[in-house]
Amino acid sequence: MKSFLIIGMGHFGHHMCASLAKMDCEIMIVDKNEEAVEDMLPYVVSAKIGDCTNIEVLKTFDIPSFDTCFVCMGENFQNSLEITSLLKECGAKRVISKADRDIQEKFLLRNGADAVIYPEKNMAERFAVRESSEHIFDYINLGSEYSIYEIDVLDRWVGKTVKELNFRVKYNLSVLATKQGGDVKPVITGERRFEKGEHLLVLGKEEDVRKLTK
């Protein structure tokens with residue numbers, strides 16, 4: 001079972017805590033405001049009140065024992081920078097910090113963050129991709145030029161197999177799974193025959209998906 005430290009229990013910290021709790025993880029939460037942690041007490045193994053810009057406070061948490069430390073500070077970016085740096089100084093294995101702007105992401109990475117969460121930007125990009133095409137229903141950015149897209153099964157594909165369509169060569173996309181309603185089925189062989197009304201989960205570049213869904 002993995003263990004996590006979440007510093008900053010604003011809206012994002014709450015969502016992170018609730019999501020990790022669903023996966024039966026061990027979680028410690030910290031905030032300067034006692035009211036900010038109260039509603040999360042049923043989901044965590046420990047909740048602390050303290051100022052994490054003070055390294056002496058952080059040292060009492062046994063930082064190296066956590067698999068990942070999340071810095072989910074809200075408005076005070078200077079505090080995020082300081083806490084990110086201090087966590088590394090205390091021996092944190094992995095630090096993931098929240099950013100609200102591109103420039104913040106750069107500074108957090110320079111100050112020791114192993115990764116940066118940029119929720120508003122990521123959500124905006126996801127909705128922009130979805131809403132800009134009638135045939136793209138969802139999108140997951142993999143952090144490179146490749147992403148996973150949920151797209152329509154086009155009428156001309158119905159009844160044909162992945163192999164018959166020569167899908168990967170013709171469209172430069174890899175079919176990972178099919179989806180109908182909430183039911184997702186991996187596409188393991190090229191003999192999978194497409195059905196009307198289902199969606200495909202494909203891996204590829206945005207430019208190739210755009211060509212296909214025009």
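Visitor: Which residues make up the negative surface patch here?

Guide: That patch is formed by Glu34, Glu35, Glu38 and Asp39. Keep in mind that we're looking at a predicted model. One of the four, Glu34, is found in helix α2, residues 34-38.

Visitor: What makes the patch negative?

Guide: Its members are Glu34, Glu35, Glu38 and Asp39, and Asp and Glu count as negative.

Visitor: How many salt bridges does a search of the whole structure find?

Guide: Nine. Let's take a few of them in turn.

Visitor: Okay, why do Lys205 and Glu145 count as a salt bridge?

Guide: Their side chains come to 3.8 Å, N to O. The cut-off is 4 Å between a Lys or Arg side-chain nitrogen and a carboxyl oxygen of Asp or Glu, so the pair qualifies. This pair links distant parts of the chain, 60 residues apart. Lys205 sits in strand β11 (residues 199-205), and Glu145 is in the loop between β7 (136-141) and β8 (146-152).

Visitor: Why is Lys205 called partly exposed?

Guide: Lys205 has 21% relative accessibility. Buried means under 20% and exposed means over 50%, so at 21% Lys205 lands in between.

Visitor: What makes Lys179 and Glu150 a salt bridge?

Guide: Their closest N and O atoms are 3.3 Å apart, and that is within the 4 Å limit. Here too the pair links distant parts of the chain: Lys179 in strand β9 (residues 174-180) and Glu150 in strand β8, 29 residues apart.

Visitor: Are Lys179 and Glu150 buried or partly exposed?

Guide: One of each. Lys179 has 24% relative accessibility, so it counts as partly exposed. Glu150 has 7%, which is under 20%, so Glu150 is buried.

Visitor: How do you know that Arg192 and Glu198 pair up?

Guide: Their side chains meet at 3.1 Å, N to O, again within 4 Å. Arg192 is buried, and Glu198 is too.

Definitions and conventions
Residues numbered from 1 in each chain as written. Predicted model: local features only at pLDDT ≥ 70, side-chain atom pairs only at ≥ 80, totals over all residues. Heavy atoms only, no water. Patch = residues over 30% accessible without salt bridge, like charges linked within 9 Å, V, L, I, M, F, W, Y side chains within 5 Å. Areas by Shrake-Rupley, 256 points an atom, 1.4 Å probe, with all protein chains shown as cover. Charge placed at Lys NZ, Arg CZ, Asp CG, Glu CD. Helix = DSSP H or I, 4+ residues; strand = E, 2+ residues; numbered from the N terminus. Buried < 20%, exposed > 50% of the residue type's maximum accessible area, 1.4 Å probe, protein only.
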